[in-house]
Amino acid sequence: MSEGTMQRRAQRDDQSDRTDRSEPGVLTDGGGRRVRRASRAGGVNRALAAAAALPVLLFAAACSSDSGSDDSAGSGSTARADSGGSSASETASAAPTVQAAAFKALPKACATLSAKTLTELVPKAKAKQGTSTDPEDRASCSWSSLDNNGVKGSQFRWLNVSLLRFESDATRGAGDRLAQEYYAKQVEDAQAVAGAKGTTSQAVAGTGDQATVVRYDLKKKEGAFKQQTVVARVENVVVTVDYNGAGLAGDKTPSADTLVKAAEKAAKEAVASVRAANGEGNGGAASGGSTGKPSASASPSKSSTASSAPSASPSVSPSASAAKAAAAGASPSASHNS
């Protein structure tokens, strides 16, 4: 090897040593260049790998974000749906409901009593049908009897049967509750008739769901009248029986106890007729009996009376009408219509 060649090699080695010393951590032997190239290649590979991984990470993050949004939206939708469902359910449950009325029909008022009972209470009397624009909800019938004994005077009797049915209404309430309110009002009206003397009340057993008889005296120029009013309720129907009697033109005054028993008998038959008209029992006119439940207290408290009378109730109390008519000396039936 010539001296020039050796000198050039020494210069390259010296340049190589200076380059190696300028890059810390790099081998300085003859294979240094390969090591640096490998190191540079490794850095490039790592950079490429990182660059390739970045879209994957971004994609995963995007998917995760979308999934969370969907879940959140789904939860919100579900919550709204649940809220809407609950709201609809609450609205449905809040809708007013009322129990259907038990009785849907009334019997013919003039056929509520048997011929035998009518003969006993108002002999030889003719029935007078009351006028009604709605016979399925209200009806009445009256009988007037005058037994003339010539110079000994005469016996006057008047009988009236009124029927009032209450239908259930979502606004006003169940039919039987409306009937209870009207029943209490009828009893109070009978107890408060103007001019009545010796007014007493008592329960009537075996007549519908509840029944009360109110009795009193009315003294007028025509004679001393004995008035009996029996008010009975069976389910959603109220039956009012008015029965009075008087001895006129010098005839003796009838027995109040006898008249009360007769009025109670008529009320039992009328209640039985209401049941029969709705498919229960045999009817009062046919059997003369009743299958009613025991009655309630004879003197309902004022607190049980409705704050306002049902719209279907008659404008005039039957007992009040009877008293006025009797006082006028005319047939009470002329002043009382359903």
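Predicted model: local features only at pLDDT ≥ 70, side-chain atom pairs only at ≥ 80, totals over all residues.

Leaving aside residues up to four places away in sequence, Lys126 touches Ser142, Trp143 and Ser144. Lys126 belongs to the loop between helix H3 (115–121) and strand E1 (127–129). Is Lys126 buried or exposed? Lys126 is exposed, at a relative accessible area of 73%; the cut-off for exposed is over 50%.

**The disulfide**

Next, select Cys110 and Cys141. Their sulfur atoms are 2.0 Å apart, and the two residues form a disulfide. The count of disulfides is one. Look along the S-S bond: the angle about it is 95°, and the link of Cys110 and Cys141 is right-handed. What does the pair tie together? Cys110 lies in the loop between helix H2 (32–94) and H3, while Cys141 lies in strand E2 (residues 138–148), so the link joins parts 31 residues apart in sequence. Now colour by accessibility. Cys141 is buried, at 0% relative accessibility. Cys110 is partly exposed, with a relative accessible area of 24%.

**Salt bridges**

Side chains of opposite charge can pair when their charged atoms come close. How many salt bridges does the count come to? The count is ten. Several are worth a stop.

Select Glu120 and Lys265. They form a salt bridge, with the closest N and O atoms 3.1 Å apart. This pair links distant parts of the chain: Glu120 is in helix H3, Lys265 is in helix H5 (residues 256–277), and they are 145 residues apart. Glu120 is partly exposed, with a relative accessible area of 46%. Lys265 also counts as partly exposed, at 27% relative accessibility.

Move to Arg233 and Asp209. Here the salt bridge has its closest N and O atoms 3.7 Å apart. Arg233 is in strand E6 (residues 223–234), and Asp209 is in the loop between strand E4 (197–203) and strand E5 (210–220). The pair links distant parts of the chain, 24 residues apart. Are Arg233 and Asp209 buried or exposed? Both are buried.

Now pick Asp217 and Lys226. They form a salt bridge too, and the closest N and O atoms are 3.1 Å apart. Asp217 is partly exposed, with a relative accessible area of 25%. Lys226 counts as buried, at 17% relative accessibility; buried means under 20%.

Then select four residues together: Lys104, Asp137, Arg165 and Glu167. Salt bridges link these four in a network.

**Two backbone stops**

Switch to the backbone. Most residues other than glycine have a negative phi. Two exceptions follow.

Select Glu235. What is the phi of Glu235? The phi is positive, about 55°, although Glu235 is not a glycine. Glu235 lies in the loop between E6 and strand E7 (237–248). Glu235 is partly exposed, with a relative accessible area of 24%.

Finish at Ala249. Ala249 is not a glycine either, yet its phi is positive, about 55°. Where does Ala249 lie? It lies in the loop between E7 and H5. Ala249 counts as exposed, at 59% relative accessibility.

Methods: Residues numbered from 1 in each chain as written. Heavy atoms only, no water. Helix = DSSP H or I, 4+ residues; strand = E, 2+ residues; numbered from the N terminus. Buried < 20%, exposed > 50% of the residue type's maximum accessible area, 1.4 Å probe, protein only. Contact = heavy atoms within 4.5 Å. Salt bridge = Lys/Arg side-chain N within 4 Å of Asp/Glu carboxyl O. Disulfide = S-S within 2.5 Å.
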